[in-house]
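Me: I have a model open and would like to learn how to read its features one at a time. Please give the general idea, then the case here.

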Amino acid sequence: MRGLSRCSTGSVVLTGLAVCWGETDSYYISLLPQQQSTEMSSSLAPPPLAADLPVGERVEQMRACLSKSLADGARGVVMTYDIIQVYKTLVLSYGISLEGPCEDLKVASWLLDPGSEERTLTNMVTCYCPSVLPLLDGHSPSPRLRAAIDSVLIHSTMRHLTALLEKDGLIDVFRGVEMRSQVCLALLELNGIGFSWEECDRQKHVMQTKLSSLESQAYSLAGHNFSLTSSDDVAQVLFRELRLPPGCDLSGVRGSKKTLGYSRRGTGKPFSTTKDILAKLSSLHPLPGVILEWRRISNALTTVVFPLQRERRHHPLLVMDRIHPIAQTHTATGRVSFTEPNIQNVPKDFEIQMASVVEESPPSQDGRRTGGRSRLIRPPPEGGVAFSVSMRHAFVPFTGGMVLAADYCQLELRVLAHLSKDRRLLQVLNGGADVFRCIAAEWKNIQLETVDDKLRQQAKQICYGIIYGMGAKSLGEQMGIEEDDAGAYIESFKDRYTGIHRFLKETVRSCVKKGFVQTLLGRRRYLPNINTNGYTRKQAERQAVNTTVQGSAADIVKLATVNIQQCLRETYPAAPLSHQHTHTESRGRAVQRHRGAFFILQLHDELIYETAEEDLIQVAQIVKREMERAVKLYVKLKAKVKVGPSWGNLQDLDI
């Protein structure tokens, strides 16, 4: 199936749909009330529109085919390219939902080779189904013929991809998890996430006020104005005028390609003004610390605040602004990311030292307070006051709703325990006490009550360092210790948790033999560099472990997402599938627009929903239950639920 759409004032208009049932036969359904004029020959010109089949009737016939017959058990599957975009187009144009099984060339191609670049339709035809390449010769500029040809190419290529998926044992995960997960992400994109312009603008004002203060402070310390955005200017002030040592303990950063700034006299090498260097210089002079703080806040403005304000769209039915991020699923490990904007980059609260006192923000769009503090009101006590700034306070639910966030507890660590079958780690995770404090006690063979916060943090860093394939050097930099000490920590940890050590070695050994690693659900990642030497082999070994653990965690999150969506639909059958679904899909029954819950964001191992306040407890129970029983492991899966009036103001919910 291939559709033609165009955008007009933010809405989507579907002009036609091409359908292929097999071979090279394709049918084009025009959804225009009048036939567009054409200059092509009469043999290629579209037939006249049937007067007894108006557009409304054509749409209803399409709806019956796509929304009902396949869902009612009739045999058939919808094949397309880019299921998320097709799903959204059908919903936004005519309120049609794809209810039956779907197959997407993009997803199938990625599943067969997740390390490859995202393929275009033409590239897929060339790679998997060259027999139909002649159809691309003289590709017509006519949208109608182009859509018809594309539908044939999609049908032919998908058949070849299905055979390859069956050969590799991936057909079940493709149909049962990946494709259903794509529909959930399409609903997420349709829902968007509520956005309070007022709260965002208040926090932006605070950040800009702080930037102005930092600039004045920096100019005063330097004795003159200079460009804080220019590494050359910063290097000139720090190293030539203030004569701070450019070689201030540069071990670990020498040779880095990220060295910007003024060239050193006689060497031709530039001075470094990176974050690490400025942090080390901060103990010698206050200016590097001021520059670091300026960069931190400036980066938050340019990468978070401004993009969010650009991307907001008004939702007329909800009477509020919403942001609709675009999901990116073509990743090597299978984790989902987002663009336009990258909403996963919105940081948690960070402190700003201000020369004014702040109070709670006024009510948000729907009259409720978001919990964010950002309004300056009066002169402060001496020394100023520190308070939190977070754009997460600007993300709010619809009127009468709440934000619900459910996060897996140590998901990747639990996957590691399951895969490694390490007895000590399984015992700790199934115990119920503070996980990383227990791991630290086991690691050092000491009493639990003697484990302090520093040792607990070290145990946590080593655990995730192993999962992410960190070497001693990287771990040492993260922990703030010498490389040799970090290496000794890693080895002593492996000696204590022998099951983990065996798992790491066996994962690499298996990858060397097979050329790929597999996740819990059988997804593969090919790592040809595992059989090379030097750095590329070491990198492949790290990727082998990371993909096995992190990819399996991604499998679990997808399964949970799919199961939650199915359970929500069964529990709230009268609720629309998304905030963009129209009443046309629910003819004959009352639509309860704000009942149930709506999937609005995925943040790695965390699923975030928007739910009606009256349904909060029931939705929380559904989400927690489905997350914790998504798969059966040797260790229990645990999910923690938080709720609140905004993403930045969530409180634990004990259920």
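Me: Which residue forms a salt bridge with aspartate 555?

Reply: Side chains of opposite charge can pair when their charged atoms come close. The criterion is a side-chain nitrogen of Lys or Arg within 4 Å of a carboxyl oxygen of Asp or Glu. In this predicted model, aspartate 555 pairs with arginine 523, and the closest N and O atoms are 2.7 Å apart. Aspartate 555 belongs to helix H18 (residues 535-571), while arginine 523 sits in the loop between strand E16 (516-518) and strand E17 (524-526), so the bridge ties together parts that are 32 residues apart in sequence. Helices (H or I, at least four residues) and strands (E, at least two) are DSSP runs, numbered from the N terminus.

Me: What are the conditions on the numbers?

Reply: Residue numbers start from 1 along each chain as its sequence is written, and side-chain values use heavy atoms, with hydrogens and water left out. As the model is predicted, local features need pLDDT of at least 70 and side-chain atom pairs count only at pLDDT 80 or more, whereas totals for chains, interfaces and linings use all residues.

Me: Is aspartate 555 buried or exposed?

Reply: Buried means under 20% relative accessible area, exposed over 50%, and partly exposed in between (1.4 Å probe, protein chains only). Aspartate 555 has 2% relative accessibility and counts as buried. Arginine 523, at 3%, is buried as well.

Me: How many salt bridges does the rule give?

Reply: The count comes to 27. One of them joins arginine 424 to glutamate 442, with 2.9 Å between the closest N and O atoms. Arginine 424 is in helix H12 (residues 423-429) and glutamate 442 in helix H13 (residues 435-444), so this pair links parts 18 residues apart in sequence. Glutamate 442 is partly exposed, at 21% relative accessibility.

Me: Where do lysine 624 and glutamate 628 lie?

Reply: An α-helix has 3.6 residues a turn, so residues three or four places apart point the same way. Lysine 624 and glutamate 628 are both in helix H19 (residues 616-628), 4 residues apart, about one turn of the helix. Their side chains form a salt bridge of 2.8 Å, N to O. At 27% relative accessibility, glutamate 628 is partly exposed. Elsewhere, salt bridges that share partners join Glu178, Arg523, Asp555 and Lys558 into one network.

Me: At what angle do helix H7 and helix H10 pack?

Reply: Two packed helices are described by the angle between their axes and the distance between the axes. Helix H7 (residues 197-222) and helix H10 (residues 286-311) pack at about 155 degrees, with axes 9 Å apart. H7 is therefore roughly antiparallel to H10. Axes are lines fitted to C-alpha atoms, for helices over the stretch in contact, and angles run from 0 to 180 degrees between N-to-C directions; under 35 degrees counts as roughly parallel, over 145 as roughly antiparallel, 65 to 115 as roughly perpendicular and the rest as oblique.

Me: Which peptide bond is cis?

Reply: The bond between glutamate 340 and proline 341 is cis, with omega about 0 degrees. Proline 341 lies in the loop between strand E10 (337-339) and strand E11 (350-354).

Me: What is phi of lysine 421?

Reply: Phi of lysine 421 is near 55 degrees, a positive value in a residue other than glycine. Lysine 421 is in the loop between helix H11 (411-420) and H12, and is partly exposed at 49% relative accessible area. Asparagine 445, also not a glycine, has a positive phi of about 55 degrees. Its relative accessible area is 57%, so asparagine 445 is exposed.
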